[in-house]
Amino acid sequence: MRNAVGRVIGAACCVTLITSCTREGARSEDGTIVITRVVAPAPVRLNDPSLITMAVYATIANRGDAVDTLVAVSVPHARASMHHTVGPSDGAKVMMPASMLLVPAKSFVRFAPGGSHVMLDELTRRIAPGDTLNVTFSFRRAGKVQATARVVAYEDIEKALAP
Amino acid sequence: MQLIRNPVFALALAALLLAACDAKERDAAPPPADGMFSGPTLSPPRAKPEFTLTSTSGTPFQFRKETDGKLTLLFFGYTHCPDVCPLHMANIAAVYKKLSYEQQQAMRVVFVTTDPDRDTPQRLRTWLDNFHPAFVGLAGPVDLVNSLQQSMGMPPAAREATPTDTTAGSYGVAHGAAVLAFTPDDSLRVLYPFGIRQQDWAKDIPLLLKVKARS
């Protein structure tokens, strides 16, 4: 009887731990970088997926004591991955290439609609709502962090990114 | 004839006619007050411009004539845009689909491409159909489209290079991110910036539809 109760409690603890890890998002090996809310709007359906561009959004938290730098993002299904910083210019939204992104210590940065975002193009397969994307974020200090992006319809992005 | 000469009947008829006129006045909303809409209101509002561009079916689209008397949401963007353009269209479409048939008929959503080199009529139509088949797609020479934007207080579009030119024609297009709202009285009244949410459109579209010219 005690063994059975012990097994149930142990299983419950494991489930709790796994669930909490999932909620906390993808982490670097040293635990300094935590990436959450990794979401991608499903690209618009066009005849040729290689002609499509899509965005990936995420929240990147740096729990470490030193600034880190995001130097690359990669996704296996796209021939090119990059991150752009979009800033106002005379009222226009300007897409400016960004080769790196600083993540301050004890702070976070957000890839969000209308702001900085990861842009994918030259996709080699069709991607639809409900799919997932394996996204690898490469940091100068923390190394590589692999995260899974949920793919949702554009009209569901508001809900997906809501705090 | 005898009935009309009857003063009681004549008075009753006159009263009915006046009530009908008054109701028509009441149906039209009062002029919008500041802060009524979710985007900045132009004061004074500007007249709807006249211009002709080419639709996705290859036919001329006379903007003023084709949208006369309708709530018109006008946006300048391009189909390779990864977030601002599709998000605007998706959010508007999500609300548009829930409108009544009459409300849908009383409005137009018009998307003008700022990237005519890559946005062929077929690509533009296919892209817009992802959001709603009733959305109008227009294209024209870059100089004309830029002058139209500037005439409406929007910045002209500009081509931006991307760092990974792995294929020919890989570039971004800087463009204004606001949706221009022309009320049914054919006035440009509200500029909706990027970030406007579906709940904002759901609140504003019925209000915008009511802004009509007083007869």
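1. In this predicted model, the largest nonpolar core holds 47 residues. Those with the most contacts inside this core are Leu73(B), Met89(B), Met107(B), Trp127(B), Phe135(B), Tyr192(B) and Trp201(B). Helix α4 of chain B, residues 84–96, supplies the largest share of the core, with nine residues.

2. Which residues does Tyr192(B) touch, leaving aside its neighbours within four places in sequence? The contacts of Tyr192(B) include Phe37(B), Ser38(B), Gly39(B) and His88(B). Also in contact with Tyr192(B) are Ala177(B), Ala178(B), Val179(B) and Ala181(B), as well as Trp201(B), Asp204(B) and Leu208(B).

3. Chain B contains eight helices and 10 strands. Its length is 215 residues, and 50% of them are buried. Among the contacts in chain B with a separation of 6 or more, 71% join residues 24 or more positions apart. The accessible surface of chain B is about 10,300 Å², with 57% of that area belonging to carbon and sulfur atoms.

4. Pro141(B) sits in the loop between β6 (136–139) and α7 (142–151) of chain B. Is Pro141(B) buried or exposed? Pro141(B) counts as exposed because its relative accessible area is 54%, and the cut-off for exposed is over 50%. The C-alpha atom of Pro141(B) is 9.3 Å from that of Asp117(B), a residue 24 residues away along the chain.

Methods: Residues numbered from 1 in each chain as written. Chains lettered and ligands numbered in written order. Predicted model: local features only at pLDDT ≥ 70, side-chain atom pairs only at ≥ 80, totals over all residues. Heavy atoms only, no water. Core = buried A, V, L, I, M, F, W, Y, C linked by side-chain atoms within 4.5 Å. Buried < 20%, exposed > 50% of the residue type's maximum accessible area, 1.4 Å probe, protein only. Helix = DSSP H or I, 4+ residues; strand = E, 2+ residues; numbered from the N terminus. Contact = heavy atoms within 4.5 Å. Areas by Shrake-Rupley, 256 points an atom, 1.4 Å probe, with all protein chains shown as cover.
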